[in-house]
Amino acid sequence: MPETDAQRIEIANQTRTRFGQDQVLTPLQARAFVRSIQTTWQVETIQWSDANSQEVLAQAQKLVHAGGVLLSVEGGSASDAGLAFRRAGELFEWLARSDDEMKTSVPLALYAAGSYQLGGLPAMASGLLRQIRSEDDGMRLFANFLSADFDSVLSRVAAFWQAHSELIVRNAGESFFVENSEGDLAWLATVELVRCIGLAASSLRRGDRQRFAAALTHLRQVEGFLVRLAPEDVALLAFFMRAACERYGMASIYEPILQLAALRPDRTNYMNGFARRQFARG
């Protein structure tokens, strides 16, 4: 265990205790919840400032980082990580439902859905994303993935490659970082996330463990690249994509199906067909 891990866990626990206690809201969090309800009911909202929104966003981001530490570092608690992610999801959702101005630059609904997925509340993630619409194709693709709607993911990915056929030729990467480095960084991140998400969705859908492992490995590399070079909001979105992808892999129906099929090898094709039908039904 690295020497700094104990300190990381301690800081993560302090953050979770301060901002993410189960069934306990801070005064600012309670006001954020009330504001979201008032906005939904279309009544006059309580007094609120941009600084309040920034503080709620900062608390949610801290909880996501704390949850990531508690989930991945030896000695952390998966249950405490779940509490941190769930509170982060609530804070992101309350900002989104309050029609907060920052939602034009920060994908609050996607952050909320990603947090709920990692907090073990996939139905909350899917329900929220069904209610919040976006005209941006990229946001809709990421929303489909965080909803585990793999059929829609594959449809959108296919449309993306059809619209950008120049990206699927050999040595297509040589066109990047020639003239517009800053713009190319954002576009390259988009292309690689689409590539990873499409391969992961297809592999999960068919139970192809080898190709799924390749997709997950590349997605981790893309996340590491974005953490170093991209703005915080892009890096956080990549974290949710990668973490949700890992969760999908561990929860895949194909693993228990293969174990059952091992008892009756002659029924393997039937069991695989059963698994695929479950994906088709969502």
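How many helices and strands make up the secondary structure of the protein chain? The chain has 13 helices and 0 strands, where helices (H or I, at least four residues) and strands (E, at least two) are DSSP runs numbered from the N terminus. Along the sequence the pattern is accordingly α-α-α-α-α-α-α-α-α-α-α-α-α.

A word on the source. This is a predicted model, in which local features need pLDDT of at least 70 and side-chain atom pairs count only at pLDDT 80 or more, while totals for chains, interfaces and linings use all residues. Residues are numbered from 1 along each chain as its sequence is written, and side-chain values use heavy atoms, with hydrogens and water left out.

Let me turn to the overall form. The radius of gyration, taken over C-alpha atoms, is compared with a globule rule of 2.2 Å times the number of residues to the power 0.38. For 282 residues a compact globule would have a value near 19 Å, and the 20 Å of the protein chain agrees with this. Along the principal axes, the C-alpha atoms fill a box of roughly 60 × 55 × 50 Å.

Of the 282 residues, 44% count as buried; buried means under 20% relative accessible area, exposed over 50%, and partly exposed in between, with a 1.4 Å probe and protein chains only. Contact means heavy atoms within 4.5 Å. Among contacts between residues at least 6 apart in sequence, 63% join residues at least 24 apart.

What lies at the centre of my account is the nonpolar core. Such a core is a set of buried Ala, Val, Leu, Ile, Met, Phe, Trp, Tyr and Cys residues joined through side-chain atoms within 4.5 Å. The largest one has 80 residues, and those with the most contacts inside it include Val64, Leu108 and Phe239. Helix 11, residues 232-250, gives the most to this core, with 10 residues. Leaving aside neighbours within four places in sequence, Val64 is in contact with Phe85, Ala88, Phe92, Ser115, Leu236, Phe239 and Phe240.

Next, helix 5. Why is helix 5, residues 108-118, described as largely enclosed by the rest of the structure? The reason is that 11 of its 11 residues are buried. Among them are Leu108, Tyr111, Gly114, Ser115 and Gln117. The buried residues of helix 5 pack against helix 3, helix 4 (78-97), helix 6 (122-131), helix 7 (137-146) and helix 11. Gly120 follows helix 5 and has a positive phi, near 80°.

Glu223 lies in helix 10, residues 209-229, and touches Ala238, Phe239 and Arg242, not counting residues up to four places away in sequence.

Finally, two loop residues. Gln23 is found in the loop between helix 1 (5-19) and helix 2 (27-41), and Gln42 in the loop between helix 2 and helix 3 (50-72). Gln23 is not a glycine, although its phi is positive, at about 65°; the phi of Gln42, also a residue other than glycine, is near 60°. Gln23 counts as exposed at 75% relative accessibility, and Gln42 counts as exposed at 73%.
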